[in-house]
Amino acid sequence: MSAETNNAIVVLTGAGISKESGLDTFRDADGIWAKVRLEEVATPEAFARDPEGVHEFYNSRRRKLREGDVRPNAAHAALARLEAEWPGSVLIVTQNVDNLHERAGSKNLIHMHGEHVKARCAHCGVTLVWECDMSRDDVCADCGRPGGMRPHIVWFGEMPLQMERIFAALETCALFVSIGTSGNVYPAAGFVQHARLSTNAHTVELNLEPSESATLFAESHYGPATEVVPGYVERLLETGQVN
């Protein structure tokens, strides 16, 4: 199916869409990786070396989602509205591990880097909803073995999730929208090029400032996500045209 004969939309979101909800980004000057070495908390080797330290890092992130004043913002709400009202498929592919898209009402969603509110058993591979703290002593509710529960997070050196489904969507979409991403983390940074080459999809960047991939987009709008995303969605729904 070509971009001219369908109206499917794929939206990629990154940390920038959740920043105005009170969640830190990773790569900004004051972001998470400026405060914590990723080698200490975001690799399989780190977990093998210091499971307690890695668990505490993710427990604190999970607590912030559960107990802090973190709520979906207008950009999350706009994407949920787009999915509900657009006369075609809308798939949100998020690099974020928070649950703000779901809480805003989005349903057709892929967390390519995993989710804070889930755990995965290293012994049997099952994925479970897990909103409380996690430790190396936890027992898997599926296989009954202790010591294997880990955050359901894609760490550096691991393969992002559901890549086959993501690329299938990129190869049939008419519009690809990138929101709040740095444009320097692969494979997500290559999605815009894949959509352009596969279906000649119209490509749009909505970001606080130009990303490293900015020149690859046919259309760009810059400013806070809570302003540019609702504005773009409103225009899209009014015109019914992807370009």
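Hi everyone. Axes here are lines fitted to C-alpha atoms, for helices over the stretch in contact, and angles run from 0 to 180 degrees between N-to-C directions. Helices (H or I, at least four residues) and strands (E, at least two) are DSSP runs, numbered from the N terminus.

A word on the source: this is a predicted model, where local features need pLDDT of at least 70, side-chain atom pairs count only at pLDDT 80 or more, and totals for chains, interfaces and linings use all residues. Residues are numbered from 1 along each chain as its sequence is written, and side-chain values use heavy atoms, with hydrogens and water left out.

Let's start with two helices. Helix α6, residues 163-170, packs against helix α7, residues 191-199, at an angle of about 50 degrees, and their axes are 8 Å apart. The pair is therefore oblique (angles under 35 degrees count as roughly parallel, over 145 as roughly antiparallel, 65 to 115 as roughly perpendicular, and the rest as oblique). Which residues of α6 make the contact? They are Met163, Ile166, Phe167 and Leu170, and they meet Phe191, His194, Ala195, Ser198 and Thr199 of α7; contact means heavy atoms within 4.5 Å.

Now the sheet. Six strands form an open sheet in the order β3-β2-β1-β7-β8-β9, with parallel pairing; two strands pair if DSSP finds at least two bridges between them. β3 (109-111) and β9 (219-222) are at the edges with a single partner strand each, so one side of each has no neighbour in the sheet. From one strand to the next, the twist averages 15 degrees.

Finally, helix α8, residues 225-239, lies across β1, β7, β8 and β9, running at about 140 degrees to β9.
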